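I opened this model to go through its helix packing, a strand, its cores and some backbone angles. My entries are below.

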Amino acid sequence: LPTNHSRTPSNADLYRMSAVQTFDISDSQVTIGVIGDANSGKSTLQNALLRESLLPAAATSCTSILTHVTLVADSAPVLRTDHREVTGASEVRQEIGRLNDAVRSGPGAGRVADVGVCSPPRESLQALADRTVKIIDVPGHNETLNAAAQDCFRVVARLSDVLVVVIKYDAVNTESTKRVLDLVESNAPHVLAPTASSSKLIFVISQCDSVWSGLDEDGRDGLQLVQDLKNSFRRFLRKSRFPAAESAPIAAVSALNVIEGGAELDWRQLEEFLLETHTNRSALRSEVKLHRAQAIIDIMQSELTALAETYPERAREVMQEQAQGEVENEETNRRFWRNVAILHCGYGADARGRLDGCRSLGH
């Protein structure tokens with residue numbers, strides 16, 4: 001708000017202050033969007049990044065709200081909406097669950113709500129706990145119970161500085177994953193642009209603990225199976241002609257194992273990606289801003305080019321319309337003053353003569 005206390009804050013001022021407080025908005029923040037199909041393990045992945053699990057995770061679609069998680073050094077998680085505040089891990093989990101249920105089947109069904117959460121990260125990510133990193137939990141783009149979730153996917157993809165794309169282990173070569181790639185390419189070109197700092201995109205193959213099942217029959221080492229899975233996805237990226245097919249890092253993880261203290265697989269790679277994002281956040285945000293500005297310039301240039309091609313013809317049409325309008329106005333004025341003269345001189349058998357006399361007198 002302005003420092004001039006003599007001015008009453010406007011509604012816009014109050015709304016901005018409320019948004020800043022609720023979602024912990026900061027110009028220095030880097031926003032990381034976690035996107036993917038429904039049931040791909042996005043929420044479980046984010047729970048593994050936090051000191052305590054806060055986001056609902058289940059075998060069925062359970063995310064219908066946008067949760068903006070700012071990483072902080074505070075001891076207890078805090079959830080804020082535009083009308084209330086909840087403190088404590090258990091209370092935050094309960095409130096997020098309640099909001100999801102309300103949006104999914106209550107009076108607010110068919111929309112997507114936003115909530116802000118401040119939470120400490122896991123111990124190995126304490127360097128991120130300075131309020132400069134925000135992670136957004138997004139409903140799956142193929143969420144069938146809430147059509148508005150599909151729009152949220154597009155909006156978050158466009159507004160995030162960095163994207164974590166979560167692909168379930170058994171969907172690396174599917175048409176659904178191809179749709180996710182297409183949506184990223186069309187809605188988040190800024191994360192695919194060449195970068196001078198660090199990558200703005202990482203693929204995470206999730207729930208890889210399931211890959212280890214059946215090892216007795218296969219006889220191969222579990223780590224080799226996971227590597228084969230990553231290689232298969234890289235080939236799929238190439239086949240799909242995805243712009244970052246060669247450069248985008250791929251990490252295979254089991255977030256549930258990480259939460260429970262089990263095998264981490266490529267979890268450290270994901271953490272290093274986040275730590276590097278935090279270190280290079282200023283450069284990343286500058287690159288994203290420049291890319292968006294260039295996109296606006298390109299759009300305007302395209303519009304100007306189209307206008308330049310159509311302008312001469314349209315200009316002739318306008319000039320012809322203007323000339324025709326002047327002719328019509330002149331004729332209208334002539335008729336008007338003729339009628340005025342007739343009325344002024346009066347009617348009768350010699351009206352024509354009187355009109356001529358009026359003209360000679362200058363009427």
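These are my notes, by topic.

**Ground rules.** I am working from a predicted model, where local features need pLDDT of at least 70, side-chain atom pairs count only at pLDDT 80 or more, and totals for chains, interfaces and linings use all residues. Residues are numbered from 1 along each chain as its sequence is written, and side-chain values use heavy atoms, with hydrogens and water left out.

**Helix pair.** I looked up α2 (residues 42–49) against α9 (residues 267–279). Helices (H or I, at least four residues) and strands (E, at least two) are DSSP runs, numbered from the N terminus. The two axes come within 12 Å and cross at roughly 75°. Axes here are lines fitted to C-alpha atoms, for helices over the stretch in contact, and angles run from 0 to 180 degrees between N-to-C directions. So α2 is roughly perpendicular to α9 (65 to 115 degrees).

Which residues meet? From α2 I noted L45, A48 and L49; from α9, W267, L270 and L274. Contact means heavy atoms within 4.5 Å. By class, I have 6 nonpolar, no polar and no charged residues. Nonpolar covers Ala, Val, Leu, Ile, Met, Phe, Trp, Tyr, Cys and Pro; charged covers Asp, Glu, Lys and Arg; the others, Gly among them, are polar.

**Strand β2.** I checked burial along residues 65–71: 7 of the 7 are buried, so β2 is largely enclosed by the rest of the structure. Buried means under 20% relative accessible area, exposed over 50%, partly exposed in between (1.4 Å probe, protein chains only). I65, T67, V69 and L71 cover one side, and L66, H68 and T70 the other.

Next, the partners. β2 runs parallel to β5 (residues 113–119), with 7 bridges; strands pair if DSSP finds at least two bridges. L66 stands opposite D114 there. With β6 (residues 133–137) the pairing is antiparallel, over 4 bridges. H68 stands opposite I136.

**Cores.** A nonpolar core is a set of buried Ala, Val, Leu, Ile, Met, Phe, Trp, Tyr and Cys residues joined through side-chain atoms within 4.5 Å. The largest has 39 residues, and L45, V164, W267 and L274 touch the most other members. Leaving aside neighbours within four places in sequence, L274 contacts I32, L49, L125 and L128. A second, separate core of 36 residues includes V138, L181, L225 and A252.

R241 is not a glycine, yet has a positive phi of about 55°. I find R241 in the loop between α7 (222–239) and β9 (250–252). R241 is exposed, at 71% relative accessible area. L265 also has a positive phi of about 55° without being a glycine. L265 lies in the loop between α8 (255–260) and α9. At 25%, L265 is partly exposed.

Key:
Angles under 35 degrees count as roughly parallel, over 145 as roughly antiparallel, 65 to 115 as roughly perpendicular and the rest as oblique.
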